[in-house]
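Q: Hi! Could you walk me through this one?
A: Happy to, here it is.

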Amino acid sequence: MGMEKVEELAEALKAVEDELNLAKRVYLAFPFIFWSFAIPFMYLLELTLIKYAGLESDYVSVTISLLFVAWFLIENTRVFRKVEAIERVLGRRRERKLSYAVSQVLAWFVAFFIASYLYGTGGKGMLLFVGLALLLMVAVDLSFHRRVQSEMVLAGFIILSSTYLADKLPVQEMAFAIMVISSAFSFAAFLHIRRAMRE
């Protein structure tokens, strides 16, 4: 009878660990989910304010971008704390490295400067910026943690390869870029959560 209780307890603990791992992976999909809705919403909000409020395009774009980045950082910090709490329950600790955070930020800056230099701030520039930034983030993860998020690699390649089509389809270039990026992020989030459900 004692052995049966021990086995039941072990199974219960394993089930709890599986659920915590699932929750952790869902939390890690948060950036994809956030930006898949935020990017098209920002674009529509910018067009609306320029059209009906008479505001300057550059001012509106920068202001909206900064507000959404700030919102993302606040929400992502909450998510990260949840992940840390889950890892503490699982007996793991995520080591915080300043060099890792700096490398992530630099990846976005490098991608931005390359995209701006090659294509400016239009649709092609946005596709190159986001796609290249994602692949550079993969390189950072590989360098620091010896891991590769296949979802991020796929999203990066989808966005980057779409640069070729940006001015060849009967749709406004920036609108095309917004659709591609949002779709790629949504697809990556779906794959992330599906993998979590199957593990």
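**Helix packing and a few residues**

A: Let's start with a helix pair: helix α2 (residues 30-52) and helix α3 (residues 57-89) pack at an angle of about 155°, with axes 10 Å apart. That angle makes α2 roughly antiparallel to α3, a label used for angles over 145 degrees. Axes are lines fitted to C-alpha atoms, for helices over the stretch in contact, and angles run from 0 to 180 degrees between N-to-C directions. Helices (H or I, at least four residues) are DSSP runs, numbered from the N terminus.

Q: Is this model predicted or experimental, and how is the numbering done?
A: This is a predicted model, where local features need pLDDT of at least 70, side-chain atom pairs count only at pLDDT 80 or more, and totals for chains, interfaces and linings use all residues. Residues are numbered from 1 along each chain as its sequence is written, and side-chain values use heavy atoms, with hydrogens and water left out.

Q: What does the chain average for pLDDT?
A: The average is 85, and 94% of the residues score at least 70. pLDDT is the predictor's confidence in each residue, from 0 to 100. Confidence is lowest in helix α1 (residues 2-28), with a mean of 73, and highest in α6, at 92.

Q: How many helices and strands are there?
A: The chain has 7 helices and 0 strands. Its C-alpha trace spans about 75 × 35 × 35 Å along the principal axes.

Q: Back to α2 and α3: which residues meet?
A: From α2, the contact includes F30, F34, F41 and L45; from α3, it includes V60, I64, F68 and F72. Contact means heavy atoms within 4.5 Å. The residues of this contact divide into 18 nonpolar, 4 polar and 2 charged. Here Ala, Val, Leu, Ile, Met, Phe, Trp, Tyr, Cys and Pro count as nonpolar, Asp, Glu, Lys and Arg as charged, and the others, Gly among them, as polar.

Q: And how do α2 and α7 pack?
A: Their angle is about 160° and their axes are 8 Å apart. That makes α2 roughly antiparallel to α7. The α2 side of the contact includes F32, I39 and Y43, and the α7 side includes I178, F185 and H192. This contact divides into 14 nonpolar, 4 polar and no charged residues.

Q: New topic: where does L127 lie, and is it buried or exposed?
A: L127 lies in helix α5 (residues 123-145). It is buried, with a relative accessible area of 0%. Buried means under 20% relative accessible area, exposed over 50%, and partly exposed in between (1.4 Å probe, protein chains only).

Q: What does L127 touch?
A: Leaving out residues up to four places away in sequence, L127 touches I159, L160, S162, T163, A166, F176, A177, V180 and I181.

Q: Where is S162 found?
A: S162 is in the loop between α6 (150-161) and α7 (173-198). S162 is buried, at 10% relative accessible area.

Q: Last one: what about I158, buried or partly exposed?
A: I158, in helix α6, is partly exposed, with a relative accessible area of 28%. Not counting residues up to four places away in sequence, I158 touches V180, A184 and F187.

Methods:
Helices (H or I, at least four residues) and strands (E, at least two) are DSSP runs, numbered from the N terminus. Angles under 35 degrees count as roughly parallel, over 145 as roughly antiparallel, 65 to 115 as roughly perpendicular and the rest as oblique.
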